[in-house]
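Open the model in your viewer and keep the selection tool ready. This tour goes stop by stop, starting with confidence.

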Amino acid sequence: MVIPPPLPSATSRPTDGSAPTLLAVSGLSIRYGEKVALQGVDLDVRQNEIFGLIGPANAGKTSFLRALNRMDEFVPGMQVDGTITFAGRDVRTIRNLYALRRHIGVVFPLPVGLPLSIYDNVALAPRLRGVRKRAELDEIVQRCLTRAALWDEVKDRLKNLGSLLSGGQQQRLTIARALSQDPELLLLDEFSIAVDPVTTMRIEEVLKELRHELTIVLVTNLVQQARRLADRTAFFLGGRCVEIGSTEELFNGGAKDQRTIDYLEGRFG
Amino acid sequence: MSAPSNPSTNPSRNPGTEREAHANGAPAGQHVFAATAREGASLRRQQAIRGLFLLTTMLLVLPVLAILGKLAIEGGPALTWEFFTEEPRNGMKDGGIFPALVGTIWLTAGALGVAVPLGVAAAIYLSEYARDNWLTRTINLAIVNLAGVPSIVHALFGVGAFVHFMAFGTSILAASCTLAVMTLPVVIVSTRESLQAVPRAFREACWSLGATRWQTIWRVVLPNSGSGILTGVILVVSRAVGETAPIMFTGAAFFVPFLPQSVFDQTMALSLHLYNVSTQVNLDDQHKHLPFAVALTLILVVLAMNALAIWFRMKLRGRKKW
């Protein structure tokens, strides 16, 4: 069973003229056994926006991402309640999770260069979905590495091990790998914590470019990163979504909740 | 430890110690690094304990040297080309050990052929698929208990299960299967450990690309745990070559005048041959070296197979980098 790529008709277009909704979350709660990680979260992510997710540790940001591409399957004891609608389908009812995950790319906090060559790292996802022709793979690898701003640095050593690249290069390799599955949604989980500031800026430029082609959910604990990149930002605290608003509004005194104002101004967290 | 407010229990703040350090010619400012009486005592104690542990470790090496030395001196001169390539003659006293050598290789290969695929498959299930439930816990308990069963009990099990029930007869196949059952826990445990050693982040990265569990195992997990799996294989080889009890009821014979033609033949084996020439054959002074020579051969076979596996493992490990 393969879920078809989402058609424009599958996404609901709001009446106010903004972009259609790609991802709709309502009443999302996540528990690990007795411990509640996330409670009653409702939010929408629109097509071709960068949706920022900020909040201190233990706010439930990573659990939120895990639920989106059904990685909860691999975590014993992780219980997800509520509905997550991606491209018009409730992800809880999708039986072919592999197809779902191919539509959603993930970049983890610590760069994970698989112990394969740089080429094979990027070619892995296409190969998994059955691409065999060398020329086609070559083209995908070059395109994805270029989009991740890594091609120029590695084009002469594609046979080298991906896990031996520097941290910043590995993180860009991870982004290239995530792009190689042609995702509609890209989840980034604090991608910059193991990356130097210069590389972080380069990746941020990459993300701004990618916005034209796909939708990005950016979890970050750098408040300023959300300010630089996100169109809209949600503030999570202690497993609850405190406030959602356009980034411009939130950061220019438009925040309504005192906790959001305190966090944005660095008074806690 | 000592509160800074209490100078009598904090000797580094003691002005007497400072003066001493200056008097010893230590440059000013370095006196804080001079050992106090208490630090000196713990340093000496640490040296003593290190010496003790080193001594214990050396004691471990001693038996190995003694065994190898004795065998090499007593049996070494008897290791001729004829000894390896001829059949035993004259009631085992003369001739060589060729059939036993060949038989041991058959038995070991057979045991590996059964134990490695089964053990690796079981380990993959336990490490990659099984959830923590009563079934998994029962399986783990069974593995631990299987590892604890004495080899003579395995032998009797082999007679019942493989020789009679499966009707393999006393044959290489029955003996290999018995050895395989005995060594399965080793393969399973060492393989499972090496699979677990592959970072979970690799699996998650692969899963998030839309890979199935099997695709993840095949493309990422197994290629990175090959060296650990081989460690288990090395252990199996060493045990399978040396075990006597499990094979003596199930497939190994005192004397077989021909080489095994198929897995349904009986065979001689080095370990049983060693037992036989040591206890069942009356050796005169002229042939006293024979058991030593057989034992030395046995050890050399184990070492050779280990060396092969270790070489192979080093080749694999050279690729493993993260």
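Within chain B, helix α2 (residues 37-75) has the highest confidence, with a mean of 91. Helix α1 (residues 15-23) of chain B has the lowest, with a mean of 48. Helices (H or I, at least four residues) and strands (E, at least two) are DSSP runs, numbered from the N terminus.

This is a predicted model, in which local features need pLDDT of at least 70, side-chain atom pairs count only at pLDDT 80 or more, and totals for chains, interfaces and linings use all residues. Residues are numbered from 1 along each chain as its sequence is written, while chains are lettered from A and ligands numbered from 1 in the order in which they are written.

Now select residues 1-23 of chain B. Here pLDDT stays under 50. The model has 19 contacts beyond four places in sequence for this stretch. Two residues are in contact if their C-beta atoms, placed from the backbone, lie within 7 Å. Where pLDDT is low, the predicted coordinates should not be read in detail. Chain B as a whole has a mean pLDDT of 81, and 89% of its residues reach 70 or more.

Switch to chain A. Its mean pLDDT is 84, with 93% of residues at 70 or more. Strand β8 (residues 215-219) of chain A has the highest confidence, at a mean of 92, and helix α9 (residues 247-254) of chain A the lowest, at 85. Then pick residues 6-15 of chain A, where pLDDT stays under 50.

Next, show both chains. Ala, Val, Leu, Ile, Met, Phe, Trp, Tyr, Cys and Pro count as nonpolar, Asp, Glu, Lys and Arg as charged, and the others, Gly among them, as polar.

Return to chain B and colour by domain. Domain 1 covers 15-76 and domain 2 covers 87-317; such bounds come from an automatic or database domain assignment. The two domain centres, taken over C-alpha atoms, are 42 Å apart. Five residues of domain 1 of chain B are in contact with six of domain 2 of chain B.

Select α2(B) together with helix α13 (residues 290-317) of chain B. Their axes are 8 Å apart, at an angle of about 125 degrees. Axes are lines fitted to C-alpha atoms, for helices over the stretch in contact, and angles run from 0 to 180 degrees between N-to-C directions. α2(B) and α13(B) are therefore oblique to each other (angles under 35 degrees count as roughly parallel, over 145 as roughly antiparallel, 65 to 115 as roughly perpendicular and the rest as oblique). Show the residues in contact, including B:L71 and B:A72 of α2(B) and B:F292 and B:L296 of α13(B).

Last stop: helix α4 (residues 98-129) and helix α10 (residues 226-242) of chain B. Their axes come within 10 Å and cross at roughly 145 degrees. Among the residues in contact are B:L107 and B:A111 of α4(B), and B:V233 and B:V237 of α10(B). The contact of α4(B) with α10(B) has twelve nonpolar, two polar and no charged residues.

Key:
pLDDT = per-residue confidence, 0-100.
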